[in-house]
Amino acid sequence: MDNDSAWGQRIVQPDEIGQRETQACYVVVADCAAHYAQAKSAGAEIVDELETKDYGGSGYGARDPEGHLWSFGDYDPWAEPAA
């Protein structure tokens, strides 16, 4: 990353700050178990194993090659409630 640019002065990669993150994405997937199995078989760094959540649905967490955290789950907090 070009840390000399104005943008670069505001950004730091996780490997520069002890693998910590200041934000993370949550991605809703249709079949979390299948998504997890595919990610794991592709060699993804799983940081939170697939589990059923107290609030509903299931999910897991992984790091991308640059060290950023991603959460994947099948719980959609924005979905319309079932009638």
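**Exercise 1.** Determine which residues are exposed on the other side of H2, and which are buried.

*Solution.* Step 1: Gln38 and Ser41 are exposed on the other side of H2, where exposed means over 50% relative accessible area and buried under 20%, with a 1.4 Å probe and protein chains only. The model is predicted: local features need pLDDT of at least 70, side-chain atom pairs count only at pLDDT 80 or more, and totals for chains, interfaces and linings use all residues. Residues are numbered from 1 along each chain as its sequence is written, and side-chain values use heavy atoms, with hydrogens and water left out.

Step 2: In helix H2 (residues 32-41), Cys32, Tyr36 and Ala39 are the buried residues. Viewed down the axis of H2, these buried residues fall within an arc of 65°, so they line one face of the helix; the arc is that of the directions from the helix axis to the C-beta atoms.

Step 3: The buried residues of H2 pack against strand S2 (45-52), strand S3 (58-63) and strand S4 (69-73), contact meaning heavy atoms within 4.5 Å. Just after H2, Gly43 has a positive phi of about 95°.

**Exercise 2.** Describe the order of elements and the overall extent of the protein chain.

*Solution.* Step 1: From the N terminus on, the order is α-β-α-β-β-β; helices (H or I, at least four residues) and strands (E, at least two) are DSSP runs, numbered from the N terminus.

Step 2: The C-alpha trace of the protein chain spans about 55 × 30 × 20 Å along its principal axes.

Step 3: Buried residues make up 20% of the 83 residues in the protein chain.
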